[in-house]
Amino acid sequence: MNVTPNSGEGISAPPPHEAYAHAPDLRREIHQVLALGAERDGRQARPVIVPPVDATAAERTWRLRRAALMDRMALDDPGPGPVAAAAETAERLVLHDRRHPDLVAGPHRPDAITLAPSRRLYVRQEYAAWTAAGRPGT
């Protein structure tokens, strides 16, 4: 496997302003991620008019959007709390994608980056690819 240096310098992830160019504003995204989490946990039923989705793809969508949301919040407030939350949710996305490599959309695999701060680059790569693919799994 081709492993990228820990610095993340070799990762061609788009910068945040490009990766999140088509993301909803933070307030709207918070509500949407919370709703996806409620559907995931069974606290809220999925609308009947929406076609059924693959559970693994839906889980991945929730993890990706949550990681991207935390990354965006850490970019706005780079304090230790938001940065740690962004790193944690990025790590959870990486772990999910290692188990389901068929859902990875970007050029760098989840094992390409070995340090947590650089895993936020993986989130940006995957969010940009997910958006470019028409936001599948929603």
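Modeller: This is a predicted model, where local features need pLDDT of at least 70, side-chain atom pairs count only at pLDDT 80 or more, and totals for chains, interfaces and linings use all residues. Side-chain values use heavy atoms, without hydrogens and water, and residues are numbered from 1 along each chain as its sequence is written.

The whole structure holds 10 salt bridges (a side-chain nitrogen of Lys or Arg within 4 Å of a carboxyl oxygen of Asp or Glu). One of them pairs arginine 65 with glutamate 29, with the closest N and O atoms 2.6 Å apart. Arginine 65 belongs to helix α3 (residues 55–76) and glutamate 29 to helix α2 (residues 26–41), so this contact ties together parts 36 residues apart in sequence. Helices here are DSSP runs of H or I, at least four residues, numbered from the N terminus. Arginine 65 is buried at 5% relative accessibility. Glutamate 29 is buried too, at 1%. Buried means under 20% relative accessible area, exposed over 50%, and partly exposed in between, using a 1.4 Å probe and protein chains only.

Glutamate 59 and arginine 63 form a salt bridge at 2.9 Å, N to O. They are 4 residues apart in helix α3, about one helical turn.

Next, glutamate 91 bridges to arginine 119, with the closest N and O atoms 1.9 Å apart. Glutamate 91 is in helix α4 (residues 80–99) and arginine 119 in helix α5 (residues 116–132), so parts 28 residues apart in sequence are tied together. Glutamate 91 is partly exposed at 22%, whereas arginine 119 is buried at 7%.

Finally, shared partners join Arg40, Glu59 and Arg63 into one salt-bridge network.

Note on methods:
Helices (H or I, at least four residues) and strands (E, at least two) are DSSP runs, numbered from the N terminus.
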